[in-house]
Each structure stands twice: as C-alpha cells, then as structure tokens.
Amino acid sequence: MTSPTLPIAFVHGWAFDHTFWNATRAALGPSSTHCLDFGFFAAQPAMTLPEHPYIGVGHSLGALWLLRHHGPLCQGLVLVNGFSRFGAVPDFPDGIPRRVIERMRLGLRRGPQGLLHSFRQRAGIETPLPAHIEQGRLETGLKMLMDMDCRDDLTNLACPIHIMAGTQDAIAPPSLTRACFSGKAAHLTQWLEGGHLLPLTHAADCAREITALTKRITAP
C-alpha cells in the first residue's frame with residue numbers, strides 16, 4: 001500500500017492515549033504522523049495540531065474534537081467510530097442519555113480504575129490501564145461527550161470527510177452514527193463488521209481509507 005503524501009494528525013478517544021494509534025500507524029507504513037494526546041494518562045496534554053497542511057484522523061471523542069478544532073490547514077478528515085454529538089438533548093434523542101454519562105462521572109470519582117476498566121472492556125479491550133490516571137482531564141472529557149455539539153461544524157465543513165463505523169459498536173451505536181451522519185454524510189459512511197475500536201481491530205482498513213482520502217485530495 002502506498003503511504004499517504006500528506007502528514008497525518010491522529011486524535012484518540014476517551015480513556016485512551018496516543019499509543020492507541022500504533023497499529024494504524026504501522027499499517028500505514030513510512031509516513032509523517034503526529035499523535036495528539038488529551039493527557040488522560042500523562043503528566044501533560046499534547047493537543048497542538050500541525051502548523052502545515054494535514055489530514056486529521058479522529059476516534060470517538062477525538063473525532064468530535066477534530067470536527068470543532070481541525071482549523072483551516074486541515075485538508076480532510078477521517079472520523080472513526082465518531083459522532084457530531086454524543087449526549088442526548090431534546091432535538092437529538094438518538095444521543096446517549098445524560099444519566100448514563102453522569103453515572104460514568106460518578107463512577108470515575110468513586111473508583112477511576114474500576115470505571116475505566118469497565119468502559120474499556122465494554123469498548124472491546126482488556127489490556128491493563130496505564131499507571132498514571134488524570135481524573136480531572138477524564139472528567140473534562142466526559143463533559144465534552146455530554147455537551148459538545150458539532151452538528152453545525154459538520155454542516156459547515158469545508159474539507160472532504162470519510163466516516164468509518166462499526167456495526168456492533170457498543171459505545172457509539174449505529175443508531176447514533178446514523179443520526180449524526182444523515183443526508184449527504186450518510187453516503188460518506190463506511191460500515192465495517194466490528195465494534196468501537198476499529199483502529200485496533202481493523203487497522204489495515206483504517207490505513208487504507210486514510211491513504212485513499214489523501215490520494216483524492218492530492219490528485220492533480
């Protein structure tokens with residue numbers, strides 16, 4: 001597979017860190033990549049986007065964040081297990097109920113290791129948690145999931161987009177994906193037989209679509 005010709009900026013989701021992208025980066029082969037990090041398990045966050053044209057690739061919360069913050073240098077977006085809004089509100093009933101996210105926040109305060117292990121297990125992974133846990137940043141991430149609304153950002157998006165979703169996603173279920181990416185965006189959604197961790201379970205598919213988007217953008 002030919003490697004992408006534009007640099008790639010990766011943004012992970014909630015309860016993960018920059019190493020989440022290792023399998024996808026390996027599948028891409030030699031290429032210029034940069035992984036942002038919310039700092040959920042690090043001493044400091046690292047959320048600075050490239051200062052040159054790039055392709056943005058976001059997973060889950062990272063996809064939501066990129067929809068809001070991708071900026072004018074972004075040449076295209078690949079959103080994996082992503083959404084334009086996660087939390088339910090009256091005009092978005094297909095979102096995740098607020099009580100569910102509030103329950104997660106309470107669980108995080110009472111026992112962060114247990115809550116994070118349970119969430120990651122539900123997402124489809126049972127690897128050990130990093131030793132250092134930044135509870136405050138994880139709570140901020142949950143607030144973003146509850147309240148951040150990027151539906152208008154999606155509507156006004158100026159760059160090409162490709163959406164990858166799992167038919168068995170237990171965190172961002174298909175009903176949520178369809179509610180977020182309806183109309184024109186529905187035609188841009190690629191469904192894979194998988195769950196919430198497509199960059200881990202379908203790394204080659206993710207790498208192929210990142211490369212394909214880059215080729216479409218850079219084609220003469």
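This is a predicted model: local features need pLDDT of at least 70, side-chain atom pairs count only at pLDDT 80 or more; totals for chains, interfaces and linings use all residues.
Reader: What makes strand 5 largely enclosed by the rest of the structure?
Author: Buried means under 20% relative accessible area, and six of the six residues of strand 5, residues 161–166, are buried, so the strand is largely enclosed by the rest of the structure. Both of its faces are covered, with I161, I163 and A165 buried on one side and H162, M164 and G166 buried on the other.

Reader: How do you know that strand 4 and strand 5 pair?
Author: Two strands pair if DSSP finds at least two bridges between them, and strand 4, residues 74–80, is joined to strand 5 by four bridges in the parallel sense. Within strand 5, the residue that stands opposite L79 is I163.

Reader: And what joins strand 5 to strand 6?
Author: Four bridges join strand 5 to strand 6, residues 189–192, and the two run parallel; here M164 stands opposite Q190 of strand 6. Strand 5 and strand 6 also belong, together with helix 7 at residues 174–180, to a right-handed β-α-β unit.

Reader: Which strands form the open sheet, and in what order?
Author: The open sheet is formed by six strands in the order 2-1-3-4-5-6, with parallel pairing. Why strand 2, residues 33–35, and strand 6 are called the edge strands can be seen from their pairing: each pairs on one side only. Direction ignored, neighbouring strands of this sheet are turned by 20 degrees against each other on average.

Reader: How do you know that strand 1 and strand 3 pair, and which residue is the bridge partner of A9?
Author: The requirement is at least two bridges, and strand 1, residues 8–11, pairs with strand 3, residues 54–59, over four bridges in the parallel sense. The bridge partner of A9 in strand 3 is G56. Helix 2, residues 61–69, packs on the sheet and touches strand 1, strand 3 and strand 4, its direction making about 140 degrees with that of strand 3. Helix 9, residues 203–218, packs on the sheet as well, touching strand 1, strand 3, strand 4, strand 5 and strand 6, and its direction makes about 155 degrees with that of strand 4.

Reader: Why is helix 3 called roughly antiparallel to helix 5?
Author: The axes of helix 3, residues 98–110, and helix 5, residues 135–147, come within 10 Å and cross at roughly 180 degrees. Angles over 145 degrees count as roughly antiparallel, and therefore helix 3 is roughly antiparallel to helix 5. Among the residues that meet are I101, M104 and L108 in helix 3 and L138, L142 and L145 in helix 5, and the residues of this contact divide into seven nonpolar, one polar and six charged.

Reader: What makes R68 partly exposed?
Author: R68, which lies in helix 2, has a relative accessible area of 35%. Buried would need under 20% and exposed over 50%, so R68 is partly exposed. Leaving aside its neighbours within four places in sequence, R68 is in contact with M148, D149, C150 and D153.

Technical notes
Residues are numbered from 1 along each chain as its sequence is written. Side-chain values use heavy atoms; hydrogens and water are left out. Buried means under 20% relative accessible area, exposed over 50%, partly exposed in between (1.4 Å probe, protein chains only). A crossover is right-handed if, with the strands pointing away from the viewer, the path from the first strand over the helix to the second runs clockwise. Axes are lines fitted to C-alpha atoms, for helices over the stretch in contact, and angles run from 0 to 180 degrees between N-to-C directions. Contact means heavy atoms within 4.5 Å. Angles under 35 degrees count as roughly parallel, over 145 as roughly antiparallel, 65 to 115 as roughly perpendicular and the rest as oblique. Ala, Val, Leu, Ile, Met, Phe, Trp, Tyr, Cys and Pro count as nonpolar, Asp, Glu, Lys and Arg as charged, and the others, Gly among them, as polar.
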